[in-house]
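Please keep the sequence and the structure in view while going through the numbered points.

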Amino acid sequence: SSESQLFRIEKAAGFDSWLTSLQKSLVEAKNDFTDPALYLYRQLLEPLGELPKSLVIVPDGSLAYLPFEALLIKPATTGQSYQAYPFVIKQHQISYNFSGALWEQMSQKKYPKRGLLAFAPSFNEGDLQTASRSRNLGPLIFNQTEVEQISRLFNQKTVFLDNEATLENFQSQVQKHHLLHL
């Protein structure tokens, strides 16, 4: 029912140094990740034109270490909070697979066991201020869409969304399922 497209992208000269720069900045929680995040978006995704909301990325080599969600679609404004940054994740739901053929095969399969337990909590502004999350991170945007799409693959599933995605529900259900999505 869904149409898949495959794109092969050649790495430009200096690509690996930009990738290393982004990875180092993210690990060290430095603000200087914006230039490499924008450069890598322009090299990898922008040339593909308009992209669907849901992307499955099959990375090769060093691309397996690139968090595509953290790429910037356009330059961030100085002084802007992270919550307002134009991250790819704000426009696209991203998932990864390590084989295009395996992904295609899995997307056609229905899983018969009562295996899936999935949670997609929502966080309001107050939750974010009191939580241990730092650096003004915003709410999860596509987690409910992701859980709904994954749950379609299963005949038997238990899904908890919003305020029902609680520790109590997790503890009461986790032993009854074979697969867990948090």
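What distance does H1 reach from its first C-alpha to its last, and what is expected at 1.5 Å a residue?

1. Helix H1 has 13 residues and reaches 19 Å between its first and last C-alpha, close to the expected 18 Å. The expected span is 1.5 Å times one less than the number of residues in the helix. Helices (H or I, at least four residues) and strands (E, at least two) are DSSP runs, numbered from the N terminus.

2. On the basis of these values: this is a predicted model, in which local features need pLDDT of at least 70 and side-chain atom pairs count only at pLDDT 80 or more, while totals for chains, interfaces and linings use all residues. Residues are numbered from 1 along each chain as its sequence is written, and side-chain values use heavy atoms, with hydrogens and water left out.

3. Buried means under 20% relative accessible area, exposed over 50%, and partly exposed in between (1.4 Å probe, protein chains only). An α-helix has 3.6 residues a turn, so residues three or four places apart point the same way. Just after H1, Ala29 takes a positive phi of about 55 degrees.

4. Helix H2 (residues 34-44) is mostly covered, with eight of its eleven residues buried. Among them are Pro36, Leu38, Tyr39 and Leu44.

5. Leu40 is found in H2 and counts as buried because its relative accessibility is 0%. Leaving out residues up to four places away in sequence, Leu40 touches Phe15, Trp18, Leu19, Leu22, Leu45, Leu66 and Leu71, where contact means heavy atoms within 4.5 Å. Leu40 and Asp16 are 24 residues apart in sequence, and their C-alpha atoms are 9.9 Å apart in space.

6. The largest nonpolar core has 25 residues, and Phe33, Leu40, Leu45, Leu66, Phe68 and Leu71 have the most contacts inside it. Such a core is a set of buried Ala, Val, Leu, Ile, Met, Phe, Trp, Tyr and Cys residues joined through side-chain atoms within 4.5 Å. H1, H2 and strand S1 (54-57) each give two or more residues to this core, and the largest share, six residues, comes from H2. Apart from this core lies another, of five residues, among them Leu116, Ala118, Ala120 and Phe154.

7. Strand S1 has a covered face, Leu55 and Ile57, and an uncovered one, Ser54 and Val56. Four bridges join S1 to strand S2 (residues 93-96), and the two run parallel; strands pair if DSSP finds at least two bridges between them. Ser54 stands opposite Gln93 in S2.

8. Asn169 lies in helix H6 (residues 167-173). The side chain of Asn169 reaches the backbone oxygen of Glu164 at 2.6 Å. Beyond neighbours within four places in sequence, Asn169 is in contact with Phe119, Phe160 and Glu164.

Terms used:
Polar contact = N/O pair within 3.5 Å; in protein donor to acceptor, adjacent residues only side chain to side chain.
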